[in-house]
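Open the model in your viewer and keep the selection tool at hand. The stops below say what to select next and what is there.

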Amino acid sequence: MSIRYSRLAILSSMLLFGQLAAAQEGRPTPPPRFQSLEIQKDRSVVVRLWAPKAESVRLTSSDLPLGGPMGAGVELKKNDAGVWEATLEPVAPGTYRYLFNVDGLAVVDPQAVETSQANAMTFGLFSVPGSEVSDLRDVPHGAVAERLYFSKSLGRMRRTHVYTPPGYETGTESYPVFYLLHGASDSDNSWSTVGKAGLILDNLIASGKAKPMVMVMPMGHTGAFSFGPDRGNFQKQMEEFNKDFVEDLKPFVESHYRLSDGRANRAIAGLSMGGAQTLDIAFGQLDQFAYVGVYSSGIFGIEGSGGPGGSNGQSWESAHEKTLDEASLKKGLELVWFATGKDDFLLKTTQATVKMLQSHGFDVVYEETDGGHTWIKWREHYLPAFAQKLFRTEDD
């Protein structure tokens, strides 16, 4: 018997002894050794979860083709060791959130190396390599920091994530600023985790496709939020966030970071709820922003459905009439950019909003793409496309 074999035998005996001892003492039995996620060369993904007493385990995800976050998902099968397993068909390159559903309870993968905070829960996170824009590459990298600031308008501390470009910490240069807002299901953590916004800018800056910039990813919710009939709460939070952004967040950022002065050096964009917030903020002080981006969104209710917040286009248009018809504000407005997928449930909202802005003389750039209301479009298409258009001069 070799020394190597003897050691393996001893380790196996110790593991078995430990399991027996744990069972006798009433302590939880340690799980067998396994890997919860394995990404194969063909981009298929093996998923596993140890749940020996569970009766059913499924995998759910908002972006993987599994039936959506509230859909049936993919069923896992249990082996004799109590490990549930399934193999997903090859997945397109990119980053994906996922959860296990164990007997009806949403469970985060205990082995998840990366996680992503959403509005009401935390997801496991994995990346399939091969993305042209969001892969981790051997290029100079910036930094994403969590920053706390006190919101006088809300009377409490708030959190935001801020990306600074490569070289910011050691330099003295000032940079333009890009405010990037998340959607109703997300948090200020989302754009830098599942959205990979920091890596996207790193890659674009390294290739010369985007200008170095500071990017601010704020918390768009001001309280507990859920989808449902309480449209008054939705509208209240939209108004509270607008006030917090203008009176607290923006002054904090612009007093704590080296930012270039003037409208030409400010951009704002957002997805879904964040797109509606972007329109509220930008058209409330259009003299402050030269670039405005709206991803999978518009004025909620403008097409007559009532929208997530129950507002309507006529009231929004009336409230912003002075801004919409002020010719001087259109000078220096470099870009108003919309993008929405043909399968997106807010497609008509986008189309109606674009038409309304065009009726007031705004030169709107609108891209109608394939796809739906998913991070695949926002991360892999809309953010990279918009970021490349920012802060360009005639010489660029």
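**Stop 1: helix 9**

Select helix 9: it is mostly covered, with ten of its 13 residues buried. Buried means under 20% relative accessible area, exposed means over 50%, and partly exposed is in between, with a 1.4 Å probe and protein chains only. Helices (H or I, at least four residues) and strands (E, at least two) are DSSP runs, numbered from the N terminus. This is a predicted model, in which local features need pLDDT of at least 70 and side-chain atom pairs count only at pLDDT 80 or more, while totals for chains, interfaces and linings use all residues. Residues are numbered from 1 along each chain as its sequence is written, and side-chain values use heavy atoms, with hydrogens and water left out.

Among the buried residues of helix 9 are Trp375, Trp378, Tyr382 and Phe386. Now go to histidine 381, where helix 9 (residues 375–387) bends by about 25 degrees. The bend is the angle between axes fitted to the seven residues ending at a residue and the seven starting there. Proline 384 follows within four residues.

**Stop 2: after the helix**

Select phenylalanine 391, in the segment after helix 9. Is this residue buried or exposed? Phenylalanine 391 counts as buried because its relative accessibility is 8%. Its phi is positive, about 60 degrees, although it is not a glycine. Most residues other than glycine have a negative phi.

**Stop 3: another positive phi**

Aspartate 103 sits in the loop between strand 7 (94–102) and strand 8 (105–107). Aspartate 103 also has a positive phi, of about 50 degrees. With 44% relative accessibility, aspartate 103 counts as partly exposed.

**Stop 4: the largest core**

Next, select Phe245, Val253, Ile268, Phe283 and Leu357, the residues with the most contacts inside the largest nonpolar core, which has 38 residues. Such a core is a set of buried Ala, Val, Leu, Ile, Met, Phe, Trp, Tyr and Cys residues joined through side-chain atoms within 4.5 Å. Elements that give two or more residues to this core include helix 3 (231–256), helix 4 (273–282) and helix 8 (347–359). Helix 3 gives the largest share, five residues.

Leaving aside neighbours within four places in sequence, leucine 357 is in contact (heavy atoms within 4.5 Å) with residues including Phe283, Leu324 and Val336.

**Stop 5: a loop**

Finish at threonine 172, in the loop between strand 12 (156–164) and strand 13. Threonine 172 counts as exposed, at 72% relative accessibility. Arginine 258 is 86 residues away in sequence and 7.8 Å away in space, C-alpha to C-alpha.
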